[in-house]
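Could you walk me through this protein fold, and show me which side chains meet inside it? I'd like the overall layout, then the rings, then the charged pairs.

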Amino acid sequence: PRPRPRPHPRPSRPSQEKLLQAFRFLDPEGKGYIEASVMRDMLITKGVPFREKEIDAFMAVAKDLETGRIYHEDYVALLCSWTTQGS
């Protein structure tokens, strides 16, 4: 019989620290947040552009409605809490 193909390894989830490092890279002044308008612009103009509905879905979760900012520590904590719930 033919050997069964091995399943592809499941991609590892980024660690909370790696996600924070990525956001800190986008926040060189160390303010602890990124303006949602700046993030939207980056998601459209850098790399493979996100679709509008993808950006809207991200902003619905990440953006603070009162300030219009994305507080990266809060967002990463929320994101990581969701990924560990599925484990």
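Here is a tour, from the overall layout down to single side chains.

Bear in mind that this is a predicted model: local features need pLDDT of at least 70, side-chain atom pairs count only at pLDDT 80 or more, and totals for chains, interfaces and linings use all residues. Numbering runs from 1 along each chain as its sequence is written, and side-chain values use heavy atoms, with hydrogens and water left out.

Let's start with the layout. The protein has four helices and two strands, and along the sequence they come in the order α-β-α-α-β-α. Those elements are DSSP runs numbered from the N terminus, with helices being H or I of at least four residues and strands being E of at least two. Of the 87 residues, 22% count as buried; that label means under 20% relative accessible area, while exposed means over 50% and partly exposed is anything in between, using a 1.4 Å probe and protein chains only. The accessible surface comes to about 7100 Å², and carbon and sulfur atoms own 57% of it (areas by the Shrake-Rupley method with a 1.4 Å probe; for residues, only the protein chains shown count as cover). As for contacts (heavy atoms within 4.5 Å), take those with a separation of 6 or more: 52% of them are between residues 24 or more positions apart.

Now for the rings. A search of the whole structure turns up three aromatic pairs. Rings of Phe, Tyr and Trp (its six-membered ring) pair if their centres lie within 6.5 Å, and planes under 30 degrees apart are stacked, over 60 edge-to-face, and the rest tilted. Take Phe23 and Tyr75: their ring centres are 5.9 Å apart and their planes sit at 70°, so this pair is edge-to-face. It's a link between distant parts of the chain, with Phe23 in helix α1 (residues 16-25) and Tyr75 in helix α4 (residues 72-85), 52 residues apart. Phe23 is buried at 10% relative accessibility, and Tyr75 is buried too, at 14%.

Arg69 lies over the face of Tyr33, 4.1 Å from the ring centre; the test here is NZ of Lys or CZ of Arg within 6 Å of the ring centre and within 35 degrees of the ring normal.

That brings us to the charged pairs. Side chains of opposite charge can pair when their charged atoms come close. The structure holds six salt bridges, each being a side-chain nitrogen of Lys or Arg within 4 Å of a carboxyl oxygen of Asp or Glu. In one of them, Arg40 meets Glu52 at 2.6 Å, N to O. Arg40 belongs to helix α2 (residues 36-45) and Glu52 to helix α3 (residues 52-62), so the pair ties together parts 12 residues apart in sequence.

Arg40 also forms a salt bridge with Asp56, with the closest N and O atoms 3.3 Å apart. Asp56 is in helix α3 and Arg40 in helix α2, so this pair ties together parts 16 residues apart in sequence. Put together, Arg40, Glu52 and Asp56 are linked in a network of salt bridges. Arg40 is partly exposed at 26%, as are Glu52 at 44% and Asp56 at 37%.
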